[in-house]
Amino acid sequence: MLTYHVVPGKVTAADVVKLHSAKAVSGDSMAISVEGSTVKVDNAHVTATDVAASNGVIHVIDTVILPKGL
């Protein structure tokens, strides 16, 4: 389940708002939608963006997202 929450590479908030979907490390595709200043990944709202970490960039979401079929 953890690999469904990770997208390879450095994807900033500026990159995310240009996408309709992203492929997770697990190989699953997650939907991305933008409406005004609200960004959603599958059914989760993004609550914080571009948190720098030693191994990439973190975007905080408000719920656990699950791949389809689980």
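The largest nonpolar core consists of ten residues: Tyr4, Val16, Ala22, Ala24, Met30, Ile32, Val39, Val41, Ala44 and Ile65. Such a core is a set of buried Ala, Val, Leu, Ile, Met, Phe, Trp, Tyr and Cys residues joined through side-chain atoms within 4.5 Å. β2 (29-35) and β3 (38-41) are the elements that give two or more residues to this core. The model is predicted, with local features needing pLDDT of at least 70 and side-chain atom pairs pLDDT 80 or more, while totals for chains, interfaces and linings use all residues. Residues are numbered from 1 along each chain, and side-chain values use heavy atoms, without hydrogens and water.

**Tyr4 and Pro67**

- Beyond four places in sequence, Tyr4 is in contact (heavy atoms within 4.5 Å) with residues including Ala24, Met30, Ile65 and Pro67.
- Pro67 lies in the segment after β5 (56-61); strands are DSSP E runs of at least two residues, and helices are H or I runs of at least four.

**Largest pocket**

- The largest pocket holds about 710 Å³ of space, a volume being the space filled by probe spheres set on the grid points.
- Of the 26 residues that line this pocket, His5, Val6, Val7, Val57 and His59 are the closest to its centre.
- A pocket is an open set of points on a 1 Å grid where a 1.4 Å probe fits, with protein on both sides within 12 Å along at least five of seven lines; lining residues have an atom within 4 Å of a point.
- β5 gives the largest share of the lining, six residues.

Note on methods: Buried means under 20% relative accessible area, exposed over 50%, partly exposed in between (1.4 Å probe, protein chains only).
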